[in-house]
Amino acid sequence: MTYLGVVALIPLAAVVAKSLEAGLDTFWSAVTNDQAVASLRLTLIASLIVVIVNALAGTLIAWVLVRDDFPGKGIVNSLIDLPFALPTIVASLTLLAFYGPDSPVGIDVAFTKVAVVLALLFVTLPFVVRAVQPVLLELDREMEQAAESLGASRATVFRRIVLPNLLPAIIAGGGLAFARAVGEFGSLVLITGNIPFDTQAASVFIFGQVESDNAVAASAVSVVLLLVSLGLLLLFGRLSKKALKHEE
Amino acid sequence: MSIVIDSVSKTFGDYVALDDVRLEVRDGSLTALLGPSGGGKSTLLRVIAGLELPDSGMVRIAGQDATDTPPQRRNVGFVFQHYAAFKHMTVAGNVAFGLTIRKQPRWGMLARTARSRSDEIEAKVDELLKLVHLDGFAHRYPSQLSGGQRQRMALARALAVEPRVLLLDEPFGALDATVRKELRAWLRRLHDEVHVTTVFVTHDQEEAMEVAEQIVVLDHGRIQQVGTPRELYERPTNDFVMRFIGPVSEIGGRWIRPHDVEILLEPAEGTSEAMIDRILHLGFEVRVELSLGEGESTWVQTTRSRAEELELAEGQIVWLRAETESEPVSA
Amino acid sequence: MRSKYALRFLALGYLAALLGIPVALVFINAFQDGIGAAWEAVTTPEAQHAFYMTFVMVAVAVPLNTVFGILCAHAIVRQRFRGRALLNAMVDLPFAVSPVVVGLALLLVYGRRDGWVGEWLAEQGIQVIFSTPGMILATMFVSLPFVVREVVPVLREIGTDQEQAAATLGANAFQTFFRVTLPAIRYGVAYGVVLTTARALGEFGAVSVVSGKISGQTQTATLFVEERFQRFDLTGAYAASMVLALLALATLLAMNLIKPKEARS
């Protein structure tokens, strides 16, 4: 417990304390500062988009990895975890190589909001996939076969039989992805340009405030960010459990 | 070593597992704790082992109060239903475990002594593996053994430390029927050889009847009856025991063993009227299913010769009476 | 089934566009000026020091988090105490916190000027922020949960039967833990260690804040990549990235070797 405290809890408490150091008014003004708000809004919207895309793409990928078979599937499966293993700064660099000014295929979305979404998509890729895969593996095929024998088309089977069973996992994975996206920093550093009011995410804004020795403002926005991610985790966790109960 | 359970009670939240249980287990005996699931028998066994602490009451092993002694020091061997094999150790490693941890080499011990100790252990392990017919399996891993073999290994492991008491928790429950029957007979023979006080838990009355010298019937945390298999079958003290051990028929508001019922072709004193619905010829026994009127039905067991003698046929009206020596129990 | 191929194409296409091609480009671009230039870029004194710093982070954070992880998992699964659910939830905290916030938090506590503990430590001559200890702390924070989270389900899965059997055979708590429990969870621990190492290797945001990014002193490999990029030394940036990417792939390999063994136990 002490270990946990020293490493994790006390520092976090310090952030909260600092944010309130100069009083609630300063806290509020720091948080409602135009630039701060812009960064928070960008972060939240981009993260939301990313979660939705991941819910779709992640489920699709999990489906293909579980139900389909092709040479090299094992390797593809292992590569899903790459965003977990790769340092975020390297991720930023790699995305820049392909989607930036020196792109071999001429796509240049660097320094735009698209770059933000792209970076977040990269780092959150594994969450939904890895959450859905085990559920898909365990799924009782006989349920689907029963539905088909009763006349349901493949699409209907997916919509009415498979998807409801996957929903808890998709939501859980989505929650983790959301929390990760909201706090993401390293992958944004090189490819987004961190342009205030345009492509500056909340985490980058906080970083800027720290560099400018503006600890109180940084802490205030950090607290907001913390509350948002904790809140999201709780919300998605609860939604996931609710979906699970419906399946029982 | 004898075991005395003195007014032991144990609750888990709202659930009463043991309710003022008193029991004496004789030294060297082979006892079964029998009862339906949730009746308290596993809990009682674990209390004896020290894996559960009673809320009240005392456990005495070999005359000494063991209630507060941890399982490590009670010197009881325990065999689990799902073997609890140490999966990462070989069979020999498993069996030797109790011995290995006791004979830890100490600093300053001569290399020769350390080696002779491990030789000792190896010899003991070989002996035990032979006893349980697993010689040759010493270097295999539990995952390479069948269920029956794993359970025999677990038994050898428990016996290695020469326990005063051997406890088995539904030891054959996870095995299929043939293996179960084999191991039952085998346990009986083992006990004849080794003579350690043995208590085992089962919900299978046939198993208890076949193996044990003494059966303790438990239900809802209370002892219903203690006795030999024959005593429990012929003189059950209440209808729970009667119904749990052996077949029963209900006739005229009383429970009676189906083979203790006499079939008469004419009414007589103390008989009930019944109509034969079906006659089933099951090899050596004949089962006669009858209606007693008012929608009640029952069945009676008789021999082939008797059935032929009486020329029983379906639809026939007969009269039923309890045979004179039997003691039916009121329902 | 036409749709099967369509799905496969979509999925693989998405993965290629997002994952495969960009990563492959790192390798290609690293050698854009030739192998010699790439080699030089990662063997400069600064580069070597940066990799050394990363190594130090890992060498300290991983063992500490492993020991903590095993003890914590054991407490969560096998012991009953008030606040157990809280402990369980708090272990996941690093997942919810942005790395920049982690850095800020450590700054506030251990910073030399107004830090809660930092001021006092500075008087003792111990510098945490803008120095190695701070970076180690940051790395420890972000890689905290992995061993715990991998070991908890394994501990739950194997159940207490083996440990109880060991107790009836006379083993005390120590013997049971080292001879029975630990071997039984070894693959869960191994997997957790690999994940922890990967996270520690790749840490950027928190050490960014906490290190002061002093080249040749408090710069880790990841910070080195950023610096090279900002100085327009693309070869250097890509070359160092390539090394890190190779380490990441090695991690993936380890993960894949251990995962089936973990599943089997």
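The model is predicted: local features need pLDDT of at least 70, side-chain atom pairs count only at pLDDT 80 or more, and totals for chains, interfaces and linings use all residues. Residues are numbered from 1 along each chain as its sequence is written, while chains are lettered from A and ligands numbered from 1 in the order in which they are written. Helices (H or I, at least four residues) and strands (E, at least two) are DSSP runs, numbered from the N terminus.

Helix α10(C) spans residues 161-168 and is mostly covered, with 6 of its 8 residues buried. A residue counts as buried if 20 or more other C-beta atoms lie within 10 Å of its own, as exposed if 12 or fewer do, and as partly exposed in between; C-beta atoms are placed from the backbone. The buried positions are C:Q162, C:Q164, C:A165, C:A166, C:A167 and C:T168. In chain B they pack against α1 (41-49), α2 (71-74) and β6 (76-79). In chain C they pack against α9 (145-158) and α11 (173-184).

Chain C as a whole has 15 helices and 0 strands. Its C-alpha atoms fill a box of roughly 70 × 70 × 30 Å along the principal axes. Of its 265 residues, 51% are buried. Contacts require C-beta atoms, placed from the backbone, within 7 Å. Among contacts in chain C between residues at least 6 apart in sequence, 75% join residues at least 24 apart.

Of the 2 pairs of chains that touch, chains A and C have the most contacts. Here 56 residues of chain A are in contact with 57 residues of chain C. On the chain A side, the largest share, 10 residues, comes from helix α1 (residues 2-21). That side has 44 nonpolar, 9 polar and 3 charged residues. In this classification Ala, Val, Leu, Ile, Met, Phe, Trp, Tyr, Cys and Pro are nonpolar; Asp, Glu, Lys and Arg are charged; the others, Gly among them, are polar. No contact joins chains A and B, whose closest C-alpha atoms lie 23 Å apart.

The largest nonpolar core holds 257 residues. Such a core is a set of buried Ala, Val, Leu, Ile, Met, Phe, Trp, Tyr and Cys residues joined through C-beta atoms within 7 Å. A:L93, A:A119, C:L104 and C:A240 touch the most other members. Helix α7 (residues 113-138) of chain A gives the largest share of this core, 15 residues. Leaving aside residues up to four places away in sequence, A:A119 touches A:A91, A:S92, A:L95, A:S187, A:L188, A:I191 and A:T192.

Chain B contains an open sheet of 4 strands, ordered β2-β1-β4-β5, with antiparallel pairing. Strands β2 (15-25) and β5 (64-65) stand at the edges with a single partner each, so one side of each lacks a neighbour in the sheet. Pairing requires at least two DSSP bridges between two strands. β1 (residues 3-12) and β4 (residues 56-61) of chain B pair over 5 bridges. In β4(B), B:I61 is the bridge partner of B:I3.

Helix α3 (residues 91-102) of chain B is largely enclosed by the rest of the structure, because 9 of its 12 residues are buried. B:P171 lies in the loop between β7 (165-169) and α6 (177-194) of chain B. B:P171 is buried, with 24 other C-beta atoms within 10 Å. Not counting residues up to four places away in sequence, B:P171 touches B:V79, B:Q81, B:Q151 and B:F200.
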